[in-house]
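I set out to look up the salt bridges in this structure. The entries follow in the order of my search.

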Amino acid sequence: MSSPAALRALPSIDELTSRVEDLEAPRSLLVTEARLIIAHMRAGILEGLSIDPTSAEERLRESLANLARPSLTRVINATGVILHTNLGRAPLGRFTPVEGYSNLEYDVARGKRGKRDSHVSGALERLTGKPAIAVNNNAAAVLLALNELACGGEAIVSRGELIEIGDGFRIPGIMSAAGATLREVGTTNRTHIDDYREAISERTRLLMRVHPSNFRIEGFTAKPGLEELAALAKERGLPLYEDLGSGCLVDLKPFGIDEPLVEDSLAAGVNLVSFSGDKLLGGPQAGLLAGDADLIARLRRNPMFRALRLDKLVTQALETTLRHLLFEQWDLIPALRMIRMSPAEIRGRAKRIAAKVPNLELIEGKSVAGGGSTPEQSLSTWLIAVPGDPVDQERVLRSQTPPVIGRIENDRLVLDLRTVFPQDEPDLIKALQGR
């Protein structure tokens, strides 16, 4: 069909909407989507594409079905990456959102306005030993800290710590947005305490340490300890701020994860630390700041604090996670439960699944924490190797309901049950049986 003929064959908006009146959708939405469909088809025809005018109704029905279907949906993470950035990082534990109204910013006992972060600050203070506040992610925590403590002045950072934290967000960029001037010291691999000392001037507002949680530099390296930096900061009357990134509040060394603890940094004399809520802490996306009372009070008064605050759903999810941490209920925090899971337990689960699905093979492998934390550290595990072309099998499992996400390794599709919830196993078995 020629372009002019194809254009004339396109239905009118009224004609197209009349064909889908059986759908439960308001007239305004039908008209809006019909216009978009016709405009898209017309543009394609004018570009010389082969567009079937009779497909307009099918396209409209598909578009409306997509709008009616929730975009955010459950998936089965069989990659073995516990903090999978693309799959929501730390998997949320069970919590029931408060329906209707809540005491988010109301002090019921006093009958007066309250502070929304009071729901998490108490548990955070007990876990870290210092006053603490929460904002919506760790990048926001860094931005807030730098804006309050170093805006209009210089913040001194080692060159080896000018990291990119993902998706193009870099420490120098965040520092610039916060109104602070970056003062680099040392070299990529070696920075000494005298480098910091010699860089301090009347413009210096802050000494900053950034934990390189998503990479490692090995070999001929050196950097001052936190105690040294804290002593220098105290000597010069400056705050020492550390961005810890992963935010480990529980010692995971017995399980193969070696990350610095928040409480250790504070004990070493760091005045302020920031860290993520949705990495090794195991909760929802949040940025947490803990430290000296006067610094936390300053951050709370900063206008940015209101702009970066948590909403009520994240507040409740974070409060639930912190309460589990406080009472050492590790198994109620999915990320910590997965890290603590033994290879023997995983192998037993894998054997039960393999007994129900023919031709699966069990092989030894490695899981990782992921989420930009613990680089070059892994956890021993057992993998289910799926026979067949790995690309085809990956696509088939990904198209199931719910989607099953595995990983291709050594030209095989493998599934790691470390990151599969036990309650997801029936769906996983069904997906494997029907592939």
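Entry 1. I counted as a salt bridge a side-chain nitrogen of Lys or Arg within 4 Å of a carboxyl oxygen of Asp or Glu. The model is predicted. I searched the whole structure and found 27 salt bridges.

Entry 2. I looked up E154 and found its side chain in a salt bridge with R203, at 3.2 Å from N to O. E154 lies in strand β6 (residues 154-158) and R203 in the loop between α8 (193-199) and β8 (204-210), so this pair ties together parts that are 49 residues apart in sequence.

Entry 3. I turned to D251, which forms a salt bridge with K253; their closest N and O atoms are 3.7 Å apart. D251 is partly exposed at 38% relative accessibility. K253 is also partly exposed, and its relative accessible area is 45%.

Entry 4. I next examined R349 and found a salt bridge with E425, with 2.6 Å between the closest N and O atoms. This pair links distant parts of the chain, 76 residues apart: R349 belongs to helix α15 (residues 343-354) and E425 to helix α17 (residues 425-433). I noted that both E425 and R349 are buried.

Entry 5. Lastly, I checked for salt bridges that share partners, and I found that they join E105, R113, R116 and R309 into one network.

Conventions:
Residues are numbered from 1 along each chain as its sequence is written. This is a predicted model: local features need pLDDT of at least 70, side-chain atom pairs count only at pLDDT 80 or more; totals for chains, interfaces and linings use all residues. Side-chain values use heavy atoms; hydrogens and water are left out. Helices (H or I, at least four residues) and strands (E, at least two) are DSSP runs, numbered from the N terminus. Buried means under 20% relative accessible area, exposed over 50%, partly exposed in between (1.4 Å probe, protein chains only).
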